[in-house]
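Look at the fold below and follow the chain from one end to the other. The paragraphs after it begin with a single residue and then widen the view.

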Amino acid sequence: MAEQKSKEFKSDAVTFTVERKPECMVEYNVNSSPEVVKKARREAIKSVSKEVSLPGFRKGRAPDHLIVKKFAEPLDERWQKAIADETFRECQQLAHTPLVSNDAKISFKIIKHSLEDGAEMTYTFETEPEVPEVDLSNI
């Protein structure tokens, strides 16, 4: 069985390790910067505000603090999804780990997230198999 390799990558937005698991699985353990989390929160508030209407405000025009107060649960779901999407894009720009297909399932688990500390999460997905190099001169 092949040894499991772990590589570390860093940028201004994310710090993460890539761990190759058995059966072509890859795991990213990611720490995301507060800037990414804040950007994702703005996107989530904007997304929720476009869909809800509050008395006295046109759709998409309600103040952010009212959206946060009245729609906390859907906002948190969108926020986590936005954090995951943005962070995964950043990770892929650094690691260039090929997915097994364009519609490959990427599962994520957010361990914690806050505006001050950023986010900590794990991604798991299937990748193309690593083909070992064969030295033909020894054959």
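Setting aside neighbours within four places in sequence, Glu90 is in contact (heavy atoms within 4.5 Å) with Ser11, Ala13 and Val14. Glu90 belongs to helix α3; helices here are DSSP runs of H or I with at least four residues, strands are runs of E with at least two, and both are numbered from the N terminus. Glu90 and Val36 lie 54 residues apart in sequence, and their C-alpha atoms are 9.6 Å apart in space.

Before going further, note that this is a predicted model, in which local features need pLDDT of at least 70 and side-chain atom pairs count only at pLDDT 80 or more, while totals for chains, interfaces and linings use all residues. Residues are numbered from 1 along each chain as its sequence is written, and side-chain values use heavy atoms, with hydrogens and water left out.

Now take the whole protein. It has three helices and five strands, and along the sequence they follow the pattern β-β-β-α-α-α-β-β. The C-alpha atoms fill a box of roughly 80 × 30 × 20 Å along the principal axes. The radius of gyration, taken over C-alpha atoms, is 19 Å, whereas a compact globule of 139 residues would have a value near 14 Å, by the rule of 2.2 Å times the number of residues to the power 0.38. Of the 139 residues, 32% count as buried. Buried means under 20% relative accessible area, exposed means over 50%, and partly exposed lies in between, with a 1.4 Å probe and protein chains only. Among contacts between residues at least 6 apart in sequence, 56% join residues at least 24 apart.

How do helices α1 and α3 cross? The axes of α1 (residues 34–51) and α3 (residues 72–95) come within 8 Å and cross at roughly 135 degrees. Axes are lines fitted to C-alpha atoms, for helices over the stretch in contact, and angles run from 0 to 180 degrees between N-to-C directions. The two helices are therefore oblique to each other; angles under 35 degrees count as roughly parallel, over 145 as roughly antiparallel, 65 to 115 as roughly perpendicular, and the rest as oblique. Residues of α1 that meet α3 include Val36, Ala40 and Ile45, and their partners in α3 include Leu75, Trp79 and Ile83. The residues of this contact divide into eleven nonpolar, two polar and six charged. Ala, Val, Leu, Ile, Met, Phe, Trp, Tyr, Cys and Pro count as nonpolar, Asp, Glu, Lys and Arg as charged, and the others, Gly among them, as polar.

The loops come next. Ser33 lies between β3 and α1, and is buried at 11% relative accessibility. Leaving aside neighbours within four places in sequence, Ser33 touches Asp12, Ala13 and Gly118.

Two other loop residues have a positive phi without being glycines. Cys24, with a phi of about 60 degrees, sits in the loop between β2 (14–20) and β3 (25–32) and is partly exposed at 26%. His96, with a phi of about 50 degrees, sits in the loop between α3 and β4 (106–114) and is exposed at 61%.

Strand β4 holds Phe108, which is partly exposed with a relative accessible area of 35%. Apart from neighbours within four places in sequence, Phe108 is in contact with Gln80, Lys81, Ala84, Thr122 and Tyr123. The C-alpha atoms of Phe108 and Gln80 are separated by 9.8 Å.
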